[in-house]
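Here is a set of questions and answers on one protein model. They cover the sheet, its helices and the ligand site.

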Amino acid sequence: MENKENYQKYFENEVNLLQKAGKKPKLLLHACCGPCFTLPYELIKGNFDVTIIYNNSNIYPEEEYHRRLDELKKYVSEVAPEIKIIEFDYDNVSYNKDLEPYANDREGNERCRICFRKRLTQGFAYAKEHGFEYFGTVMTISRYKNSQDLNHIGLELEKEFAPVKWLAADFKKNDGYNKSLVIVREHKMYFQDYCGCKFSIRHSKPE
Ligand code: SF4
């Protein structure tokens, strides 16, 4: 059986090194929705100069894409209004071309690895083009997202997009997921009941 890395230790080590060096580098942080941004931002803030990227054309339907973005914007305006959010155009039709062969996969399989890679590749490319030192995602907070897969993909892309560094993390560690739910409830946030793509709706709701 494959050994699992504790990527939250990677995150903690990186933050310790930056604190010792007195550095606060520019981080482009991918966020898929408001609830998943909550606890990761609590752990990141103060250590990085954060810009958010919202490139989530996986989300279906379009109203849901905007609903999640609006919830993210509302939360950011409450806790860190200085943070800029980069919004990508919504293009679910093109996005789905690579996912459709895996339409019947359950969440957590090849379709999701493709979906992660697409959004992380977009994020790394944007980070490189705009001079960010780090790129990372909040998605490891979700108990439904495979943090090993996300970090493997991030570490592969880091080689392709040097000098941008991947901010390895596993935010669901240390009870992170439940801690995020406390914040979600405090802020009365909308919390979706499916991952995002039209294929995940099928598996999360009765037909
Ligand atoms: S279930 Fe989530 S991660 Fe997997 S393909 Fe759909 S939107 Fe992407």
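Q: Which residue stands opposite Leu-28 in β4?
A: This is a predicted model, in which local features need pLDDT of at least 70, side-chain atom pairs count only at pLDDT 80 or more, and totals for chains, interfaces and linings use all residues. Residues are numbered from 1 along each chain as its sequence is written. Helices (H or I, at least four residues) and strands (E, at least two) are DSSP runs, numbered from the N terminus. In β4, the residue opposite Leu-28 is Phe-135.

Q: How many bridges join β1 to β4?
A: Leu-27 stands opposite Tyr-134 of β4, and His-30 has Thr-137 as its bridge partner there. Strands β1 (residues 26-30) and β4 run parallel, and the number of bridges joining them is four.

Q: In what order do the strands form the open sheet?
A: Two strands pair if DSSP finds at least two bridges between them. β4 pairs with β5 (residues 165-166) in the parallel sense over two bridges, with Trp-166 as the partner of Phe-135. The edge strands β3 (85-87) and β5 each pair on one side only. The pairing in this five-strand sheet is parallel, and the order is β3-β2-β1-β4-β5.

Q: What is the hand of the crossover from β1 to β2?
A: β1 and β2 run parallel and are joined by five bridges; Val-50 of β2 is the bridge partner of Leu-27. The chain crosses from β1 through α2 to β2. A crossover is right-handed if, with the strands pointing away from the viewer, the path from the first strand over the helix to the second runs clockwise. The β-α-β crossover here is right-handed.

Q: Is Leu-29 buried or exposed?
A: Leu-29 lies in strand β1, where four of the five residues are buried. A residue is buried if 20 or more other C-beta atoms lie within 10 Å of its own, exposed if 12 or fewer, and partly exposed in between, with C-beta atoms placed from the backbone. Leu-29 has 24 other C-beta atoms within 10 Å, so the residue is buried.

Q: Which residues does Leu-29 touch, not counting residues up to four places away in sequence?
A: Two residues are in contact if their C-beta atoms, placed from the backbone, lie within 7 Å. By that cut-off, Leu-29 touches Ile-44, Val-50, Ile-52, Ile-53, Gly-136 and Val-138.

Q: At what angle do α2 and α3 pack?
A: Axes are lines fitted to C-alpha atoms, for helices over the stretch in contact, and angles run from 0 to 180 degrees between N-to-C directions. The axes of α2 (residues 34-44) and α3 (residues 62-79) are 8 Å apart, and the packing angle is about 35°. The contact is made by Gly-34, Phe-37 and Thr-38 of α2 and by Arg-68, Glu-71, Leu-72, Lys-74 and Tyr-75 of α3. The angle asked for is about 35°.

Q: Which helix gives the most to the shell around the ligand?
A: The residues around the ligand include Arg-111, Cys-112, Cys-115 and Phe-199. A residue is near a molecule if its C-beta atom, placed from the backbone, lies within 6 Å of it. α5 (110-129) and α8 (198-204) each supply at least two residues of the shell. With three residues, the helix that gives the most is α5.
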